[in-house]
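My entries follow in the order in which I checked them.

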Amino acid sequence: MKAPVRVTVTGAAGQISYSLLFRIASGAMLGEDQPVILQLLEITPALEALKGVAMELDDCAFPLLAGMVCTDDPNVAFKDTDYALLVGARPRGPGMERKDLLSANAEIFSVQGKAINDHASRDVKVLVVGNPANTNALIAQRNAPDINPRQFTAMMRLDHNRALTQLAQKTGKTIADVKNLVVWGNHSATQYPDVHNATVDGAAAMSLIDQPWYENDFIPTVQQRGAAIIKARGASSAASAANAAIDHMRDWALGSAEGDWVSMGIYSDGSYGIEEGLIYSFPCVCKNGDWEIVQGVETNDFSKARMKATEQELKEERDAVAHLLP
Ligand code: NAD
Ligand code: LMR
């Protein structure tokens, strides 16, 4: 058995965490040979509810759960942490866009970025889930100047997984048959799910679908899936969001599937003409605990226009929180 690693989860008494924590403790995220110490952060009024979640985690008798810390102090929650999942933030309700949450949530990520900078392991891997995830990740990253910006990521895996399923269902194939799909840009209604380079069971995806379905059905369905779930469920996605967080962190830590891509919101190095420093989703592969942007992906005029539109939205979100970006 390996030595335990520390995993911080914020918003630990919330809906997503109620799925997420149990899967982390079971080994689904970091492997069945990797014990974890859970460092759980909540706001003070939710500490009693968090106590209940911790009791349930105890009652699962997970062999890999090597310890638990429950706290309302970010400096305690991020102490020496190896993996930080920043979930705690207000979710949107019907009729809202995710960026409408910026004023309510942005401050949280500047406080937590500073706490990560001061207390986390220098190799910490950070995943921001709380919305608007890309800009919140940017805020956390900019408040942690001593940590490599590559270590701050935003969750696009739910969008990626949604796109996989829509394409597999349309073509009558399985998820495992779909390869090299990517969702570019922001976790918002401007995100661009791109199947131009994707294959389904070895065939070019674009040869199996028609342009009107792609433009008028597939892309809006994936872009609007979060809102559709809020409408149907009366609350934002939780179990599927937790599942995507597990997928994102597992692939980053242990490596992504050979011959395939994953979508991750990462620090732009200027690839594909996207402004350096934005947290933008690119096609990535992960190995040796690190990610790399897949280079040389063909982008036609249709793709370029959509990639630019979602970049533009990220610039506007960034400018709206300029006061939180040191
Ligand atoms: P929730 O309201 O059920 O839980 C959020 C929890 O965060 C609450 O328990 C709250 O007390 C806690 N919290 C608030 N401020 C905090 C702080 N400063 N420190 C620590 N904890 C704090 O919400 P949820 O359904 O779990 O969703 C959480 C966030 O994730 C929302 O912003 C939602 O929009 C977002 N989300 C993102 C994706 C994605 O794909 N990126 C998917 C689903 C949901
Ligand atoms: C999602 O995509 O399901 C989440 O970001 C929640 C939301 O507000 O849509």
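Entry 1, Ala61. I looked up its accessibility first: Ala61 has a relative accessible area of 59% and is therefore exposed. I use buried for under 20% relative accessible area, exposed for over 50% and partly exposed for what lies in between, with a 1.4 Å probe and protein chains only. Ala61 sits in the loop between helix H2 (47-59) and strand E3 (65-71). Helices (H or I, at least four residues) and strands (E, at least two) are DSSP runs, numbered from the N terminus. Phi of Ala61 is positive, about 50°, although the residue is not a glycine.

Before going on, I note that this is a predicted model, in which local features need pLDDT of at least 70 and side-chain atom pairs count only at pLDDT 80 or more, while totals for chains, interfaces and linings use all residues. Residues are numbered from 1 along each chain as its sequence is written, chains are lettered from A and ligands numbered from 1 in the order in which they are written, and side-chain values use heavy atoms, with hydrogens and water left out.

I found Tyr272 in the loop between strand E12 (262-267) and E13. Its relative accessibility is 22%, so I log Tyr272 as partly exposed.

I checked omega from Asn131 to Pro132 and found a cis peptide bond, with a value near -10°. Pro132 belongs to the loop between strand E5 (125-128) and H5. How many of the ten residues of helix H5 (residues 133-142) are buried? Nine are, so the rest of the structure largely encloses this helix. Among the buried residues of H5 I noted Asn134, Leu138 and Gln141.

I counted a residue as near a molecule or strand if one of its heavy atoms lies within 4 Å of it. There are 25 residues around ligand 1, and Gln15, Glu42, Arg90, Val129 and Asn131 come nearest. For polar contacts I took pairs of N or O atoms within 3.5 Å; within protein, one must be able to donate a hydrogen and the other to accept it, and residues adjacent in sequence count only if both atoms are side-chain atoms. A polar backbone atom of Gln15 is 2.9 Å from an oxygen atom of ligand 1. Arg90 places a backbone N or O atom 2.9 Å from an oxygen atom of this ligand. With His187 the contact comes from a polar side-chain atom, at 3.1 Å from a ligand 1 oxygen. On its own ligand 1 has 870 Å² of accessible area, of which the protein covers 86%. Accessible areas come from the Shrake-Rupley method with a 1.4 Å probe; for residues, only the protein chains shown count as cover.

The residues around ligand 2 include Asn131, Leu158, His187, Gly226 and Ser236. Which side chains did I find in polar contact? Arg92 has a polar side-chain atom 2.5 Å from an oxygen atom of ligand 2. Arg162 brings a polar side-chain atom to 2.7 Å from a ligand 2 oxygen, and Ser237 has one at 2.7 Å from an oxygen of the ligand. Ligand 2 exposes 260 Å² when taken alone, and the protein buries 94% of that.

Entry 6, aromatic rings. I found nine aromatic pairs in the structure. Rings of Phe, Tyr and Trp (its six-membered ring) pair if their centres lie within 6.5 Å; planes under 30 degrees apart are stacked, over 60 edge-to-face and the rest tilted. Trp184 and Phe282 have ring centres 6.3 Å apart and planes at 75°, so I log the pair as edge-to-face. Trp184 is in strand E8 (residues 182-184) and Phe282 in strand E13 (residues 279-287), so the pair ties together parts 98 residues apart in sequence. Trp184 is buried at 0% relative accessible area, and Phe282 is buried at 0% relative accessibility. Tyr214 and Phe302 make a tilted pair, 5.9 Å centre to centre with 40° between the planes.

I required NZ of Lys or CZ of Arg within 6 Å of the ring centre and within 35 degrees of the ring normal. Arg306 lies over the face of Phe302, 3.6 Å from the ring centre.
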